[in-house]
Amino acid sequence: MIQNYENFIAGQWVSAVSGKTFSTVNPADIREIVAHYSQGGSADFAAATAAASNAFPKWAALTPVARGRVLSKAAQILESRKAELAILLTREEGKTLAEATGEVGRAVDIFRFYGGLSYVVGGQTLPHDLPGNLLMTRREPLGVVALITPWNFPIAIPAWKLVPALLCGNTLVLKPASQAPAMALELARVLAEAGLPAGVLNVVAGEGRAFGAEIASNPAIQALSFTGSHTVGSGLYQSLAPRMIRVQLEMGSKNPTLVLADADLDLAARLVATAGFGLTGQACTATSRVIVERAVLENFTEKLVGLAKNWKVGSGLSAGVQMGPAVNADEFEGNFQAIRQAQLEGARLIWGGERLSEGEMAHGYFMQPTVLGEVTPFMTIAQEEVFGPVVAVLGVDSFDEAISVANGVPYGLSASLVTRDFKKALQYAERIECGVVKVNQISTGLALQAPFGGVKNSSTDTFREQGTAALDFYSRSKTVYLDYSA
Ligand code: NAP
């Protein structure tokens, strides 16, 4: 069934002013149209910003508890629609139904978490130097906040931005990725049903560049939270510098998993395969480099390749499938291009690298999970994000060399380590340059209550997302001094 979406502005479903539309297709079978959309442009982003501005005073005046009630109600509505939304997510983005169900469930939990947190959001009271004096801080919203999200977690990422932003009392304009906008528009529907006043959340699918220009020029917009590529993020950062507004960028990475000589190699291979091939490698926290002590390099690689050979690839809606298609032709071609480049630079294709087109895969962007060996630290494949199921294996002679190779990239988001050595685990946590460290765990997967973000080119490295840390980005603190001694 083909869905039809308009944009959600000031509580109404409206067509784009230009009348332009676009469609999404199922990456598992590109003959299938998933949804038609109104293609928002400058006039639509301006209208959405005006609606958010108008809605701000009333929404900001509510107590956090009142705002939290809307979020808790939305959690219930979203949960009741979990199965249906997961199927739509899989059809539009391609990930497996299990992955999509988990992601919608994560969005439900995010609403629930911040709904509950609404009872304790507030400022601080501090002891003053003098008696009869009250010293306290108030947590206040920023105003209209712009949100820009990528396609790879089309419901979890919009949720982890917009829910804490709403709790803090901001009003929003959200632009989801054109590749998969359905989930963001469904969130608007769910929140409207939960009682969110008109104009508080506006969702406009459409041209990224037009929204970027609106944020750069419209003084009503007080902040931007962006997740996506470093190329787009850094361009936005520069264009917003003259306005000096608050900006949070979370971007790409080149996440390592280190496998030390003492590691349980079956566990290591399973963790790397899950974090490298799961979600078709299209996660900002995916493992794309495995840095292995040479003493176990051959043994580990054999185990990893064994898993890759048996990794079940197919339509995300088919039973037992572990890996769906690449999201679109560009990403798909980009994966093969990265593999070819790695081979040209001297890497060895140990397994994979082929398109899969038999049976149900005939009309989709399917490929084999891929393992490249004999990779050295400065090859392109060891330095640049691929965003596909391509794992590069690098051999090292020591723990120290492993850390130096792991840190030798311009990114730093998530980094995993497989070892039984507690001391090395803690040293790793201290020395690795990244925002998230995992020991004996997959590099993907996050706890919603914990801070999340990167360092170096993975992030603006200013504010963290998720958990209570997210509230710091979406609010500012005001300090109040009150003398009642007289
Ligand atoms: P992208 O191409 O940078 O797009 C991200 C968003 O920016 C989309 O909504 C896109 O809209 C919009 N956009 C594009 N050009 C713009 C412009 N000039 N001004 C304003 N907005 C613009 O990234 P993607 O391909 O969707 O996502 C993959 C990337 O996201 C990877 O690098 C991945 O590592 C990163 N990511 C990072 C995290 C994290 O938390 N660190 C999480 C997930 C993904 P259109 O779709 O309309 O072009």
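1. A quick definition to start: a crossing is called left-handed if the near helix is turned anticlockwise from the far one by less than a right angle, and right-handed if clockwise. By that rule, the crossing of H3 and H4 is right-handed. Helices (H or I, at least four residues) and strands (E, at least two) are DSSP runs numbered from the N terminus.

2. Some housekeeping before going on. This is a predicted model, in which local features need pLDDT of at least 70 and side-chain atom pairs count only at pLDDT 80 or more, while totals for chains, interfaces and linings use all residues. Residues are numbered from 1 along each chain as its sequence is written, and side-chain values use heavy atoms, with hydrogens and water left out.

3. Helix H3 (residues 82-93) packs against helix H4 (residues 97-117) at about 125 degrees, with the axes 8 Å apart; axes are lines fitted to C-alpha atoms, for helices over the stretch in contact, and angles run from 0 to 180 degrees between N-to-C directions. H3 and H4 are therefore oblique to each other (under 35 degrees counts as roughly parallel, over 145 as roughly antiparallel, 65 to 115 as roughly perpendicular and the rest as oblique). On the H3 side the contact (heavy atoms within 4.5 Å) includes Leu-85 and Leu-89, and on the H4 side Leu-97 and Val-104 are among the residues involved. Seven nonpolar, three polar and two charged residues make up this contact; Ala, Val, Leu, Ile, Met, Phe, Trp, Tyr, Cys and Pro count as nonpolar, Asp, Glu, Lys and Arg as charged, and the others, Gly among them, as polar.

4. The second pair is H9 (residues 265-277) with H10 (residues 297-310), whose axes come within 9 Å and cross at roughly 50 degrees. H9 and H10 are therefore oblique as well, and their crossing is right-handed. Among the contact residues are Phe-277 of H9 and Phe-300 of H10. The contact of H9 with H10 divides into 10 nonpolar, one polar and three charged residues.

5. On a 1 Å grid over the protein atoms alone, a pocket is an open set of points with protein on both sides within 12 Å along at least five of seven lines, a cavity is a set where a 1.4 Å probe fits but cannot get out, and lining residues have an atom within 4 Å of a point. Grid points are joined across faces, edges and corners, and a volume is the space filled by probe spheres set on the points. The pocket is lined by 44 residues, with Trp-151, Gly-228, Ser-229, Val-232 and Glu-331 closest to its centre. H11 gives the largest share of that lining, seven residues. By class, the pocket lining has 17 nonpolar, 20 polar and seven charged residues.

6. The largest has a volume of about 70 Å³, and its lining of 13 residues has Gly-281, Ala-286, Ser-288, Glu-385 and Phe-387 nearest the centre. The second largest cavity holds about 60 Å³. Of its 16 lining residues, Pro-256, Ala-406, Tyr-411, Gly-412 and Glu-433 are closest to the centre.
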